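Biologist: Could we walk through a model together, feature by feature? I would like to learn how to read each one.

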Amino acid sequence: MSRIAIACQGGGSHTAFTAGVLARLLRAPELAGHEIVGLSGTSGGAICALLAWEGLRAEDRERAAQLLEAFWRDNSARNPLTRLQNVGMVGAGALQGLGLLPAGTPYALPRFLSGVDQFTSLLSRHVDFAGITADPDAPMLLLGAVDVLTGEFRAFDSRTDRITADCVLASAAIPTLFRAVRTHGGTYWDGLFSQNPPVHDLLATAPDELWVIQINAPAVDREPRTPVEIADRRNGLAGNLSLHQELGFIETVDRMLAAGDLRADRGYKHVTVRVIEMPGSWRSRVLGSASKLNRDVRFLDGLQRRGRDQADRFLGALAFERAVRGGDAEALRAATTEDAVLHSDHPFRPRAGVPLRAHLSTVLAGGTQIDPTRKHVAGDRAMWTLRLRDGLGRAEADFIDGRVSELRLGPVR
C-alpha cells in the first residue's frame, strides 16, 4: 500500500478548486490501495486540508468529501446581502490592483465588523474542534503560518499542537483583510509569507509519494503589462517561492539517492513528487488576484467542478504511467482513447499525428523510462520527464474522459 501525503497551496477562493480535487480523489476507487498519511495547507488550502483531515481521522473518506463540499456551499454568497458584500469586496480588491484605491488596514474596523467571528462560526459548523484530540494513528495535519513579530515559520501540527479555529484563522490571516491572530504563543499572519504549503515537515510521515495541489501558476504565457497582470503575477510568484524551493530539495535528494551519493540506510528516502495544477487558462485576466476574494456561488461551484475534472486527468495520468512502467501494452491501450494520436520529435523518431495505439511499441521501447526523480505535473496537460539511453526527453499528454487522447514526445524544455 502506497503512503500518500497531500499538500494544499493557499489561494483564497481559488482553493474551491482544491476542494473539488480532494473530493474526487477521496471518492476514487483507484485510491483504495493508497493510505493518506498526512495533509498540509496554507490559507484556503489549510481549510481544505482541515476538512479532509476531519473525515480521514474518522477513517471515513466519503465524509471527508462531503465536508469539503458542504463548507464551500456554506461559504458562498447566496442571499442578496452576501452577494452585495461580495461585489464590494471583489471590486475593492480590483481597484487596489489597479492602484486606484489605497490599501486599507483591518485595524480601522471594530472586531464585530471584521468577519472573524462569522468565519469562526462557519468553520465550527463543519469541524468539531472540541472533539479533536491527539491521535498518533490518525493522519498528520499541518497548517502553515508565520509569526509576524519574529519572522519565524510555524506549521501547527496535529501531533504536537491542539488544532483550534484560531490555527486556521492564523493560516488565513491576510494582513490587508484580517488582524494578526494571537494563538499558541505567537502573533500570526497568513502562511503565504512562510510555507505555502508546508512540505518539509510533512515528510515526517515517511510518504512514498507527495501530491501537491497548486493554485498559483508556475508559468504564464505572456509578459505581464497591465497593473492587474503585474499584481497578479507578483502574488503568484510570492506564493510559489517556498513551494518551489522545497520541491526542488526533494527532487535533489531523489536524484542523489538514485546516483548513490546518498544512502537509504542513512535515513534518506525517495519520495515521488506529483503536482496537480490549477490550469492557467482558468484564471481571470480582468480581476487578477482580486478573483481570490470572489465568493460568488457560480464561481465557486465552477472551480469545484474544474477541480473534479482535473482530478480525473490526474487519475488518468496515473493509470497511463502505471501501464508504461509495467510495460503492459493491454493496460496502455485501456488508458488511451481509440483515436488517440502520437506526435514525436528529436530525440525520438519524428512522427506527426500517427495513431497512438498502432505505435505503442514506441512508448514501451527499451531504454525509455519515466524518471521518478523529477516531478510529474498534471496541468493543462500531464507532463513527465523521460530517461533515455543517452539523455532526457519529455512526454506530454492530453486527456478525454480520463484517457490519453494525444501524446507528444520531444526534448526537455
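This is a predicted model: local features need pLDDT of at least 70, side-chain atom pairs count only at pLDDT 80 or more; totals for chains, interfaces and linings use all residues.

Modeller: Let's start with helix H1, residues 16-27. Helices here are DSSP runs of H or I with at least four residues, strands are runs of E with at least two, and both are numbered from the N terminus. The expected span of a helix is 1.5 Å times one less than its number of residues.

Biologist: How many residues of H1 are buried?

Modeller: Buried means under 20% relative accessible area, exposed means over 50%, and partly exposed lies in between, using a 1.4 Å probe and protein chains only. In H1, 10 of the 12 residues are buried, so the helix is largely enclosed by the rest of the structure. Among them are Phe17, Val21, Leu22, Leu25 and Leu26. For the protein, 51% of the 413 residues count as buried.

Biologist: How does helix H8 compare with its expected span?

Modeller: Helix H8 covers residues 297-326, which is 30 residues, and reaches 44 Å from its first C-alpha to its last, close to the 44 Å expected. At the start of H8, a side-chain oxygen of Asp296 comes to within 3.0 Å of the backbone nitrogen of Arg298. After H8 comes Gly327, with a positive phi near 60 degrees.

Biologist: And the strands: in which sense do E9 and E10 pair?

Modeller: Two strands pair if DSSP finds at least two bridges between them. Strand E9 (residues 336-344) and strand E10 (residues 351-355) pair in the antiparallel sense, over three bridges. Six residues lie between E9 and E10 in this hairpin, and Leu342 stands opposite Val354 in E10. The secondary structure of the protein comes to 10 helices and 15 strands.

Biologist: Which residues does UniProt list for "active site"?

Modeller: The unreviewed UniProt entry lists Ser43 and Asp190. They are spread over 148 residues of sequence, yet they cluster in space, with a largest C-alpha distance of 6.2 Å. Keep in mind that UniProt positions are given in the numbering used here, feature names are shortened, and annotations may be inferred rather than shown by experiment.

Biologist: Where do Ser43 and Asp190 sit?

Modeller: Ser43 is in the loop between strand E2 (34-42) and helix H2 (44-56), while Asp190 lies in strand E6 (residues 186-190). Ser43 is buried, with a relative accessible area of 6%, and Asp190 also counts as buried, at 4%.

Biologist: What makes a polar contact with the side chain of Ser43?

Modeller: A polar contact is a pair of N or O atoms within 3.5 Å; within protein, one must be able to donate a hydrogen and the other to accept it, and residues adjacent in sequence count only if both atoms are side-chain atoms. Here the side chain of Asp190 makes such a contact with the side chain of Ser43, at 3.2 Å.

Biologist: Which residues are in contact with Ser43 beyond its sequence neighbours?

Modeller: Contact means heavy atoms within 4.5 Å. Leaving aside neighbours within four places in sequence, Ser43 is in contact with Gly10, Ser171, Ala172 and Asp190. With the same exclusion, the contacts of Asp190 include Thr42, Ala145, Ser171 and Ala172.

Biologist: Where is Val404, and is that residue buried or exposed?

Modeller: Val404 is in strand E15 (residues 403-410) and counts as buried at 0% relative accessibility.

Biologist: Finally, how many disulfides does a search of the whole structure find?

Modeller: A disulfide is a covalent bond between the sulfur atoms of two cysteines; the cut-off used here is a pair of cysteine sulfur atoms within 2.5 Å. The search finds zero. The sulfur of Cys48 is 6.2 Å from the closest cysteine sulfur, in Cys8, which is too far for a bond.

How values were computed:
Residues are numbered from 1 along each chain as its sequence is written. Side-chain values use heavy atoms; hydrogens and water are left out.
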